[in-house]
Amino acid sequence: MLQRLFFLILIFGWHSGFAQNSVEQGESYYKNGAFNKALIIFENLTKEAPNSYNYNLRLIDIYQQLERYEDAENVIQKLISYHPNPIMTIILGYNFQLQGRIEKANKNYDAAIAFVDEKPNYIYSIARKFEDYSLLDKAIEVYKKGKLLTPDKDFTIQLAKIYADQGNVELMFSNYIDYIEYNPGHINSIKRAISDFISENRDNENNVYLRRQLLKKIQQEPNIYWSEMLSWLYVQEKAYNKSFIQEKALYKRSQESFYRIIELASIAHNDNDDETAKTIYNFILESTQNVGALLSAHQSLLEIETNNADDKMLPQIDETYNSLFEKYGKSEATLPLQLAYGKFLAFNAKDADAASKFLKTSLKLNISKFEEAEVKLLLADILVLQEKFNEALIFYSQIQAELKNSPIAQEARFKVAKTSYYKGDFDWAESQLKILKSSTSQLIANDALDLKLLISDNKYEDSTQTALKQYAKADLFAYQNKTDEAITLLDKILKEHKGESITDETLFQQAKLFEKQKQFSKAEANYLEIIKDYKEDILIDDAHYYLAQLYNTQLANSEKAKEHYERIIFDFQDSIYFIEARRRFRMLRGDSIN
């Protein structure tokens, strides 16, 4: 008896495994378009398991692919005789549609839709089957009927997705807004869903649709989520001042929204909308007693002032820093402010010794290893500023040793490479950069790759490496905020090493420095020279993108901006600028971004 049972289990297992292999082989044929081969397998499988719903559905599909509609109908009718249901009625209707028998197809579709009246629990499955066949209007009809038959259920999210597929953006927005009203907790997922349909351009048709609907909702029922959505829309349009108006109103109704005001200040600050950022940071200072928020707002305001300051304003900024230290003390709580002040002293007030002395006192505080590494990193940066390269390398190496493989250790390794490059030790720099190409930080990995390519492309052309050393020195001048000296040295390279492989890099670096000095015509000339004379070199897509940005933001020539964005779209599809260039091109052309 036991032997017989064992034999049956063995046979069943073998048969089950054989069937599974057959299914996988059949599916592989199907996916690769080998329908005749797939047909043989699934016909055999349905003979062995005639009641298998999945095998029969795949067989129907294969018959339809082979245009054997009568055979498909026979299988459909067989399934309907076993278990009549509205899904099979739709499949039968679709089989008629494929033959061009539209009247019969619609008769079956209508029957499936009518079935909802008797059994509303079939709404989802019927609508989904219509969606599978791209019969979106039929699916909409089912969901709309569902809204009437089952008012306790919500189908707006399904309708919104269908309208999105149809390109009916206005109705898509309307249904997503209805869904927020039904389930406000999903507001962030709705923001993500609609973000691809709007742009920075407030006059874009889609933006207008959404703004109009939100303003109407605010007038009808001023719930906080409508103001939150409108604020979010203004952020997408970079209208941070308008977003702040909404956020202030929200804050007055619910002080829990204060974190969004802090986030908005940071977004405006990072996007160089200094006026709005200052307004928001000052509001934060007036509205909270949270020491962390206050210190962060003070620091950001000082950074904005510093970026826009001339030499006469620096003493006042220095005084403000010191008054903050008098008020809040010099402790681990104010470490970010201390780092900002150290950077200000070294790079803006140009008192590197005072900066180093100040930061060394920060090292005596009761701070974590990571915070200590941040201080050491800035101290090393200041030593590079002073061209005390060997001392800087000691600090960078300490960070690497103490916090192995951490993001700050990888940053320190990159700075070791950059410092070695400034020194003219290109071999050591290159060896460090090879390691960093696989950094977990994409930004560091990209910077490492760029610097490695610069060195490897130019260190062999001249045995004395004169041009590369001059270029590295100009790079150091730029780091030291000696912009005029950097531009002059780059000019020297262009005259003395014209035509060498470093020429396009020199033109590009000089163009960015011209932009920093607001000499936009000179920057334009450099980018154009790269495009004209260095079509095959690695910086050609960079030149097109930066030139497009220059025309778009500084030279007010949208037509020329479009021209260069378009060149990236058509000629440099593997460029890191491709997605952004396409987005900006469409925006300038006035497209709906979807």
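Let's start with a pair of neighbours: Asp 533 forms a salt bridge with Lys 532, and their closest N and O atoms are 3.2 Å apart. By salt bridge I mean a side-chain nitrogen of Lys or Arg within 4 Å of a carboxyl oxygen of Asp or Glu. Lys 532 counts as exposed, because its relative accessibility is 58%. Asp 533, at 42%, counts as partly exposed. The cut-offs: buried is under 20% relative accessible area, exposed is over 50%, and partly exposed is in between, with a 1.4 Å probe and protein chains only.

Some ground rules. This is a predicted model, where local features need pLDDT of at least 70 and side-chain atom pairs count only at pLDDT 80 or more, while totals for chains, interfaces and linings use all residues. Residues are numbered from 1 along each chain as its sequence is written, and side-chain values use heavy atoms, with hydrogens and water left out.

Back to charges. Side chains of opposite charge can pair when their charged atoms come close. How many salt bridges does the rule give? The count comes to 27.

One of them joins Arg 58 and Asp 61, at 3.2 Å from N to O. Both sit in helix α3, residues 53–65. They are three residues apart, so about one helical turn separates them. A word on naming: helices (H or I, at least four residues) and strands (E, at least two) are DSSP runs, numbered from the N terminus.

Arg 260 forms a salt bridge with Glu 247, with the closest N and O atoms 3.3 Å apart. Arg 260 lies in α15, residues 258–270, and Glu 247 in α14, residues 240–253. The pair therefore ties together parts that are 13 residues apart in sequence. Buried or exposed? Both Arg 260 and Glu 247 are buried.

That pair also belongs to a network. Salt bridges that share partners join Lys 191, Glu 228, Glu 247 and Arg 260.

Two of those names come up again in the next packing. Helix α11 (residues 187–194) packs against helix α13 (residues 224–236) at an angle of about 35 degrees, and their axes are 11 Å apart. Axes here are lines fitted to C-alpha atoms, for helices over the stretch in contact, and angles run from 0 to 180 degrees between N-to-C directions. Which residues make the contact? From α11, they are Ile 187, Asn 188, Lys 191 and Ile 194. From α13, they are Tyr 225, Glu 228, Met 229 and Trp 232. Contact means heavy atoms within 4.5 Å.

Next, α14 again. Ser 243 is found in this helix. Ser 243 is buried, because its relative accessible area is 1%. What does Ser 243 touch, leaving aside its neighbours within four places in sequence? Ser 243 is in contact with Ser 231, Tyr 234, Val 235 and Leu 264.

Now two loops to check on screen. Most residues other than glycine have a negative phi. Lys 238 is not a glycine, yet has a positive phi of about 60 degrees. Lys 238 lies in the loop between α13 and α14. Its relative accessible area is 34%, so Lys 238 is partly exposed.

Asn 272 is another case, with a positive phi near 65 degrees. Find Asn 272 in the loop between α15 and α16 (274–287). At 64% relative accessibility, Asn 272 counts as exposed.

Over to helix α8, residues 136–149. Its 14 residues, at 1.5 Å a residue, should span 20 Å. The expected span is 1.5 Å times one less than the number of residues. The end C-alpha atoms of α8 are 20 Å apart, which agrees.

Which residues of α8 are buried? Leu 136, Lys 138, Ala 139, Ile 140, Val 142, Tyr 143 and Gly 146 are. What covers them includes α6 (102–118), α7 (123–132) and α9 (156–166). With a relative accessible area of 57%, Asp 137 is exposed. The C-alpha atoms of Asp 137 and Glu 24 are separated by 35 Å, and the two residues are 113 apart along the chain.

Last stop: Ser 397, in helix α22, residues 389–402. Ser 397 counts as partly exposed, at 39% relative accessibility. Its C-alpha atom is separated by 47 Å from that of Ile 190, 207 residues apart along the chain.
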